[in-house]
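User: I would like to learn how to read the packing and the strands of this model. Please take me through it.

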Amino acid sequence: SAAFKTTIDSGTTFIYVSKEIAKAFYKQIPHTRAASADWGEGAYAFPCDEFNSTGTISFGFGANEYEVDVRDFNAGPETEGSADCVGGIFGDDLSEDVATLGDAFMKNWYSVFDYGGLRIG
């Protein structure tokens, strides 16, 4: 569990956190390794059959927890025909203290953007 600022972005497919947070997250999933270079730095892969045993993935905002369905966490096979899949959380240090929650998060929750109040609900 780590605290960071968050951007919710409908123009982003996956979830991006700092490389440090991504590494700590994936250490909790057995048989995880860095994904192939085709996926870019900060991507992780593990056996596709591990997705059903990853447990709950959630993000907390204040006192509320928002779960992400593990099926939305699966970015797909690492390569065509591969038994390894790439996780939908990527490590990216463009801004270390900001996470970007894209479609993998948003398709689990109806989002309302209140630009006047500078909040999302």
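User: Which residues is Phe 73 in contact with, leaving aside its neighbours within four places in sequence?

Analyst: Contact means heavy atoms within 4.5 Å. Phe 73 is in contact with Phe 25, Tyr 26, Ile 29, Phe 46, Phe 51, Ile 57, Val 86, Gly 87, Gly 88 and Ile 89. This is a predicted model: local features need pLDDT of at least 70, side-chain atom pairs count only at pLDDT 80 or more, and totals for chains, interfaces and linings use all residues. Residues are numbered from 1 along each chain as its sequence is written, and side-chain values use heavy atoms, leaving out hydrogens and water.

User: Which residues of the largest nonpolar core touch the most other members?

Analyst: A nonpolar core is a set of buried Ala, Val, Leu, Ile, Met, Phe, Trp, Tyr and Cys residues joined through side-chain atoms within 4.5 Å. Buried means under 20% relative accessible area (1.4 Å probe, protein chains only). Here the core has 21 residues; Ile 15, Tyr 26, Ile 57, Phe 59, Phe 73, Ile 89 and Phe 105 touch the most other members.

User: In what order do the 4 strands of the open sheet run?

Analyst: Strands are DSSP runs (E, at least two residues), numbered from the N terminus. Two strands pair if DSSP finds at least two bridges between them. The order is β1-β10-β2-β9, with mixed pairing. At the edges, β1 (5-8) and β9 (89-91) each pair on one side only.

User: In which sense do β2 and β10 pair?

Analyst: Antiparallel, over 2 bridges. Tyr 16 stands opposite Thr 100 in β10.

Technical notes: Buried means under 20% relative accessible area, exposed over 50%, partly exposed in between (1.4 Å probe, protein chains only).
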